Amino acid sequence: MMYKKIRHIFCSISTKVIFLIIVLVLPLNLIAIMESNMVIDTMEEQTRMSLQNFADTYMGQIEAQMANTQSLLYYFLTDTDFIKMNLETEKTYDYQRAKHKFFNSLKNMANMTNGVDGYFYYMKKIDDTIVYDSNPAESGQIYKQVSEFIKKQLNNQVKRGWHIYQINSQQYLFFIANTKDIAYGGWLNLDPLKIKLKKGLDYSDFSVSFSETKEDIIDNQLIMVSSSIKGIYLNISMNR
């Protein structure tokens, strides 16, 4: 009988202790878990906001380059030498002289403008292209292919405005305008921009891309932001 009483008392005390532990400790653990999740959510939101601000700022810079590029291109449509070139139907001496002067003017203005990598004017009547590349090394020597690229686009019902093209395994942002007698525009190599973007982000394990559509989140383990200008999207994603 004494053994049973002692065992009963012991079991009773053990039960109470276990119950007290559950009552006191479990809520504390739940609170700690909740607070930990709140901290994680806050950090993720701060990261997302930081990435969004970075993307918006960078696209704002690209928007300024795009605007400057279009202004420069439109300006040279009224250039005296360009008008002389456009009046010619053959590569005469007068055409060549006007072309030389026009190229130098375009080069000088482009070097003083915060625009894109290169510019072109395709004279349809003469089948001649004036191309200026301000940074051939960074633009992947694309100036050598611009003439054929533009002709191909014109034959395929060219997409006007700003669009992304894949050329020689590199990604380019092209602006193309098309009129009856001329086609003109400019380009920006996006690959070096992506490298600069990655150097500017103080994070690891992330990706950067440019596209003409907003990338959707297909993985809940990713933090993703997008910023767009004129239908061009900068997408940045990183692991949570």
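A cavity here is a set of points, on a 1 Å grid over the protein atoms alone, where a 1.4 Å probe fits but cannot get out. Grid points are joined across faces, edges and corners, and a volume is the space filled by probe spheres set on the points. The structure is a predicted model, in which local features need pLDDT of at least 70 and side-chain atom pairs count only at pLDDT 80 or more, while totals for chains, interfaces and linings use all residues. Residues are numbered from 1 along each chain as its sequence is written, and side-chain values use heavy atoms, with hydrogens and water left out.

The count comes to one cavity of 30 Å³ or more, and the largest cavity has a volume of about 30 Å³. Its lining (residues with an atom within 4 Å of a point) consists of Met-85, Asn-86, Glu-88, Tyr-95, Met-123, Lys-124, Lys-125, Ile-126 and Asp-181. Four of these lining residues are nonpolar, one is polar and four are charged, where Ala, Val, Leu, Ile, Met, Phe, Trp, Tyr, Cys and Pro count as nonpolar, Asp, Glu, Lys and Arg as charged, and the others, Gly among them, as polar.

The model has 16 aromatic pairs. Rings of Phe, Tyr and Trp (its six-membered ring) pair if their centres lie within 6.5 Å; planes under 30 degrees apart count as stacked, over 60 as edge-to-face and the rest as tilted. Tyr-74 and Tyr-184 are edge-to-face because their ring centres are 6.3 Å apart and their planes stand at 80°. This pair links distant parts of the chain, 110 residues apart: Tyr-74 belongs to helix α1 (residues 2–76) and Tyr-184 to strand β5 (residues 182–189). Helices (H or I, at least four residues) and strands (E, at least two) are DSSP runs, numbered from the N terminus. Tyr-74 is partly exposed at 39% relative accessibility, whereas Tyr-184 is buried at 6%; buried means under 20% relative accessible area, exposed over 50%, and partly exposed in between (1.4 Å probe, protein chains only).

Technical notes
1 Å grid on protein atoms, 1.4 Å probe; cavity = no way out; pocket = protein on both sides within 12 Å on 5 of 7 lines; lining within 4 Å.
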